[in-house]
There are 2 protein chains.
Amino acid sequence: MVFIGIDLGGTKIAAGITDKAGKIIAQASAATVAQRPYQEVVRDMAACSLKALEQAALTIDDVGAIGVGIPGIADNGTGTVVFCTNLGWHDIPLREELQKYINKPVFIDNDATVAGLAESIAGVSRGASSSVFLTLGTGVGGGIIINGKPWTGAHGVASELGHLTMEVDGIPCTCGKDGCLERYCSATALIRMAREAVSLHPNSLILQRAGGKPEGIDGRTVIDCAKEGDPAAMKVFDRYTKYLALAINTVISFLDPEVIVLGGGISHAGKFLLDAVQEKLPRYLMFKTMPYSRLELAVLGNNAGIIGASLLGMMMEEGNRL
Amino acid sequence: MVFIGIDLGGTKIAAGITDKAGKIIAQASAATVAQRPYQEVVRDMAACSLKALEQAALTIDDVGAIGVGIPGIADNGTGTVVFCTNLGWHDIPLREELQKYINKPVFIDNDATVAGLAESIAGVSRGASSSVFLTLGTGVGGGIIINGKPWTGAHGVASELGHLTMEVDGIPCTCGKDGCLERYCSATALIRMAREAVSLHPNSLILQRAGGKPEGIDGRTVIDCAKEGDPAAMKVFDRYTKYLALAINTVISFLDPEVIVLGGGISHAGKFLLDAVQEKLPRYLMFKTMPYSRLELAVLGNNAGIIGASLLGMMMEEGNRL
């Protein structure tokens, strides 16, 4: 028995076949082209899945279930995508549409949640009963695993960790609120802070590396320059990691998971990021002498989407959900 | 079979006998006198329990287990109180000491957690699979119930909801951090805001009701004056309920429980508080058209401590814990 995992992104559809341990056997991808009618996107999701199955020399009969990770929220009762802002989807009957091509059980969940599930079964938080996955990308996403199972809340709106208030009346957020956590801890936030810094320090290495154009600065530019000791970049990175340490303390003070996993683009800064956050964290802990969550970097990278979606399908099909 | 629930506070020890549904059969109390050696405090905890048992015409043989709620954190593996700042306790062998008097299984947890458990079994969140209890008192405490059971985290430091960062570099907190949620949502915060207000508006009804002395202002003064339409009090209350709505959104965006219960001194403002928060909440929700947690006022009052401790004992003894 294998499982199909589909990672539906704003720009790319990636589908894969995994075994029960989350090992990818085959995969295929296609462009999302989000502005198309949803039926066409779903058709390509099915086509990628079937192509991967064929590559693995398997058939639909070998498939136990299909899991889908989406950048939004889903209702597994009805099998619909409730919201998916990137794709402009609202109340899309994804399960029904996908089953026209592959008539297997379909389960859908948030992309950060399935990535967290992937890490908790096949990645760095493997074996942990509870874990929280934080994606540090354009925004900040959260995936919560409790008792080994994804937790999406009583109404499906849990783990939106990017939208906890971190600053009352702070920086306006895309969600309509102000001062949300992702305005301080996302790659977008790091870039904003770097642009502010170069306007004050035009001689910074950051601006040089960005070809003299503030709009050319990305997360990697800032991190590379901080690693090389550029004072402006170091200051920006120091501020960013302070915010991140505060966010991590918020996760600890709320849920106290066994492991906290950092994923997404910024996590590619690796040990440089982890060390900086680890060093700041003790200052922000409530109980300074108590043990606390192990902090780790995600290890599954882009495959976390496929693996997690696939494991979601397996887990839900087994009625194993929390 | 009955259970003993002990609510250990900084000023008062309350012990009660309950049935399996959390109904109090008898209770007794004594002063804590926190500066005494812990052995004396524990001796009085046992004495109150035995007195309540006697009142109920029961004996130790009728007791299934003892639960204790403490204003701190405990380790149920060892039966010790790890921290209890109010009492100056640190690594106190509470189980061992209490069993010298009553040789029954002893389980210990945070007071807000047991109060949340009480409400979730015998109170306003009865029947909810997930709930979060917020105590709005001198500080802000949190109790998290997941799948009907208390969640205290992988290291016992979860549900410290008063110490989530709500304002980076905000008001210094007793915990050593700055800008913690309880600096904006506790009774202490409401009083601080009122004192600031009367320094600007000395003609406010608040100051009059406090006998002309800012130090005479308490939470009830502010709420009573706001109810009566005093402009300064209404403004303070409006600010306070904005902070509380933001905090509630943080609970929803993190855990999305079925019910959120407001307890503690400030919750005695009743419908006046609930209506003000309900009205503000939609503005701060991430998904404005999705259903979200039901917001309720605690109904068990001071009995929540005894009831929740007793139910904790019952649940732990039944090996029922998450």
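1. In this predicted model, the axes of H8(A) and helix H8 of chain B (residues 231–254) come within 12 Å and cross at roughly 80 degrees. H8(A) and H8(B) are therefore roughly perpendicular to each other, since angles of 65 to 115 degrees count as such.

2. The residues that meet across this pair are A:Thr250, A:Val251 and A:Phe254 in H8(A), and B:Thr250, B:Val251 and B:Phe254 in H8(B). By class, the contact of H8(A) with H8(B) has four nonpolar and two polar residues, and no charged ones.

3. On the relation of the chains: chain A is superposed on chain B by a rotation of 180 degrees with 0.0 Å of shift along its axis, at an RMSD of 0.0 Å. That is the relation of a two-fold axis. The same surface serves both copies, as 100% of the contact residues of chain A recur in chain B.

4. The largest nonpolar core has 129 residues. Those with the most contacts inside this core are Ile248, Leu262 and Leu273 of chain A, together with B:Ile248, B:Leu262 and B:Leu273. Helix H8 of chain A (residues 231–254) gives the largest share of this core, 14 residues. Apart from it lies another core, of 34 residues, which includes A:Val2, A:Ala26, A:Cys48 and A:Val81.

5. What does B:Ile248 contact, leaving aside its neighbours within four places in sequence? The partners are B:Leu134, B:Ile260, B:Leu262, B:Val277, B:Leu281 and B:Leu295. In general, nonpolar side chains tend to be buried together in soluble globular proteins.

6. The axes of H3 (residues 111–122) of chain B and H10 (residues 303–317) of chain B come within 7 Å, crossing at roughly 85 degrees. H3(B) and H10(B) are therefore roughly perpendicular to each other. The contact of H3(B) with H10(B) has twelve nonpolar residues, two polar and no charged. From H3(B), the residues in contact are B:Val114, B:Ala115, B:Leu117, B:Ala118, B:Ile121 and B:Ala122. Their counterparts in H10(B) include B:Gly305, B:Gly308, B:Leu311, B:Leu312 and B:Met315.

7. B:Ile70 is found in strand S4 (residues 63–70) of chain B. Is this residue buried or exposed? B:Ile70 counts as buried because its relative accessibility is 0%, and the cut-off is under 20%. Not counting residues up to four places away in sequence, B:Ile70 touches B:Leu8, B:Val81, B:Phe83, B:Cys84, B:Leu94, B:Ile108, B:Asp109, B:Asn110 and B:Asp111. The C-alpha atoms of B:Ile70 and B:Glu317 are separated by 18 Å, with the two residues 247 residues apart along the chain.

Notes: Residues are numbered from 1 along each chain as its sequence is written. Chains are lettered from A and ligands numbered from 1 in the order in which they are written. This is a predicted model: local features need pLDDT of at least 70, side-chain atom pairs count only at pLDDT 80 or more; totals for chains, interfaces and linings use all residues. Side-chain values use heavy atoms; hydrogens and water are left out. Axes are lines fitted to C-alpha atoms, for helices over the stretch in contact, and angles run from 0 to 180 degrees between N-to-C directions. Helices (H or I, at least four residues) and strands (E, at least two) are DSSP runs, numbered from the N terminus. Angles under 35 degrees count as roughly parallel, over 145 as roughly antiparallel, 65 to 115 as roughly perpendicular and the rest as oblique. Contact means heavy atoms within 4.5 Å. Ala, Val, Leu, Ile, Met, Phe, Trp, Tyr, Cys and Pro count as nonpolar, Asp, Glu, Lys and Arg as charged, and the others, Gly among them, as polar. Copies are superposed by least squares on the C-alpha atoms of residues with pLDDT of at least 70 in both. A nonpolar core is a set of buried Ala, Val, Leu, Ile, Met, Phe, Trp, Tyr and Cys residues joined through side-chain atoms within 4.5 Å. Buried means under 20% relative accessible area, exposed over 50%, partly exposed in between (1.4 Å probe, protein chains only).
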